Amino acid sequence: MNQISQSVVDMEFDSSSSPSSSSCLDSGKTWGEKVSQKVLSVYKSLPKKGKPQGREVTVLAAFLTSSPSEDLEVVALGTGTKCIGRSRLSPNGDIVNDSHAEVIARRALMRFFYTEIQSLLTISNRHTHNSGSKQLEGDDITNLLFQLGSDGPGQGKITMRAGWKLHLYVSQLPCGGASVCLPLFSSRNFTLRNGDLPSSLSENDSIDEQTGSFNNLDNFTVGSLSGNSSQIIGMVQRKPGRGDTTLSVSCSDKIARWNVLGVQGALLSYFLQPVYLSSITVGQSHNYPKTFPLEDNMRRALYNRVLPLSDKLKSPFQVNQPLFWEAPIPPEEFQHLETATSTLTCGYSICWNKSGLHEVVLGTTGRKQGTSVKVALHASTEPSLCKKRLLEVFLLLTHKTSIETPANEVSYRELKDDGAREYSSASKIFKGSPPFNSWLLKPSNLEAFSVVRL
């Protein structure tokens with residue numbers, strides 16, 4: 001497909017649309033207050049199913065869009081703190097491996113994108129049939145997030161409409177590098193890849209399953225890192241599992257990748273130009289010191305680490321620079337205590353989007369809530385966010401375009417690597433550059449599953 005030169009989103013807000021300007025404030029509210037208010041309003045409107053009960057807590061994440069007039073709308077939402085261990089991974093693509101809130105919200109966003117693309121193509125085809133023109137005007141595009149590329153369906157790639165932006169909210173700092181405070185070294189959310197441990201740490205050091213913290217760090221100081229703590233803290237970090245090592249990297253690492261490759265992923269890149277975040281907003285915490293540099297921590301972990309890739313990427317990919325904002329302390333069900341031993345996390349993940357998706361996933365199994373042992377492998381237990389279901393949606397959408405894919409059976413891995421070539425090339429640059437060259441790679445057989453086209 002031909003590329004188009006229009007960028008998906010601006011690297012920065014211009015002065016007329018900046019969250020710091022009066023145009024986006026509501027009754028004196030800050031940007032962080034406005035974003036969190038919108039997200040919490042949607043969350044509160046959802047049923048109790050999957051929400052924390054009693055002393056349980058969870059993490060909340062959501063994606064929002066803003067129009068040229070800065071009207072904010074929540075389009076995808078997720079909760080969760082759990083992750084599947086290596087031994088429980090499925091080669092069939094039928095479970096959700098990582099049920100952290102940011103990942104769940106992003107998968108819900110991808111489903112929303114598929115629906116939006118299908119709506120755009122349907123309206124475009126109807127308009128072309130009625131008027132003979134592919135140019136959409138007036139009421140046709142009022143509620144659409146995307147617009148066609150210059151060459152129409154199946155040729156130019158789809159982009160976000162001019163002036164529209166995408167934003168991310170998280171109720172607390174993402175696990176991994178963003179949760180580590182410099183210059184003082186903090187053990188919270190710090191899990192290095194096996195084999196990457198500094199000499200002062202042993203692979204036998206216990207790791208807290210909820211926060212990723214090393215439990216035996218009494219003698220571990222910044223000095224023990226040979227004066228280069230920032231190098232260690234900037235490394236790719238593994239999400240801990242319940243007694244079983246995971247193959248999932250931290251949310252900080254994944255968001256950093258989104259700032260290079262976009263949030264749309266490989267399969268959606270068949271249709272879309274890279275979709276980048278314009279802002280990232282994170283809730284404050286009672287656990288943070290009054291002088292805690294929350295925005296600086298986000299910028300260091302989510303942007304500064306990918307900045308050296310600027311000269312390596314080819315259009316349409318780029319190093320995206322979002323704006324970083326603080327939000328007020330979230331409600332109690334999202335307030336994690338300082339130590340994981342005194343925090344009881346909810347085992348469920350809620351996934352929701354504007355298109356009508358609403359499911360609850362059990363984070364320790366990666367399947368829909370309520371799945372019994374007898375039907376554990378039945379198709380009815382597969383979440384809408386698993387890779388198999390996303391592959392099915394992708395293949396259905398290719399019917400509406402001139403995108404060429406194998407006629408009968410095709411594997412998920414082949415479609416990612418062979419078909420999405422621009423995305424795949426940019427991903428190789430990303431994972432081949434330090435510190436991301438220590439990215440955890442899953443065995444190839446986990447993405448060798450296929451779907452038979454009907």
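Is R111 buried, partly exposed or exposed? R111 counts as partly exposed because its relative accessibility is 22%, where buried means under 20% relative accessible area, exposed over 50% and partly exposed in between (1.4 Å probe, protein chains only). This is a predicted model, in which local features need pLDDT of at least 70 and side-chain atom pairs count only at pLDDT 80 or more, while totals for chains, interfaces and linings use all residues. Residues are numbered from 1 along each chain as its sequence is written, and side-chain values use heavy atoms, leaving out hydrogens and water.

**Surroundings of R111**
- R111 belongs to helix α2 (residues 101–131); helices (H or I, at least four residues) and strands (E, at least two) are DSSP runs, numbered from the N terminus.
- R111 and L390 are 279 residues apart along the chain, yet their C-alpha atoms are separated by 7.5 Å.
- Not counting residues up to four places away in sequence, R111 touches N353, L357, S384, L385, R389, L390 and V393 (contact means heavy atoms within 4.5 Å).

**Sheet**
- Eight strands form an open sheet with mixed pairing, in the order β10-β9-β8-β2-β3-β12-β13-β14; two strands pair if DSSP finds at least two bridges between them.
- The edge strands, each pairing on one side only, are β10 (323–327) and β14 (367–368).
- β13 (residues 358–362) pairs with β14 in the antiparallel sense over two bridges, and L362 stands opposite R367 in β14.

**Nonpolar cores**
- The largest nonpolar core has 86 residues, and F63 and F113 have the most contacts inside it; such a core is a set of buried Ala, Val, Leu, Ile, Met, Phe, Trp, Tyr and Cys residues joined through side-chain atoms within 4.5 Å.
- Helix α2 gives the most to this core, with 13 residues.
- Another core, of 19 residues, lies apart from it and includes W31, V39, A327 and V360.
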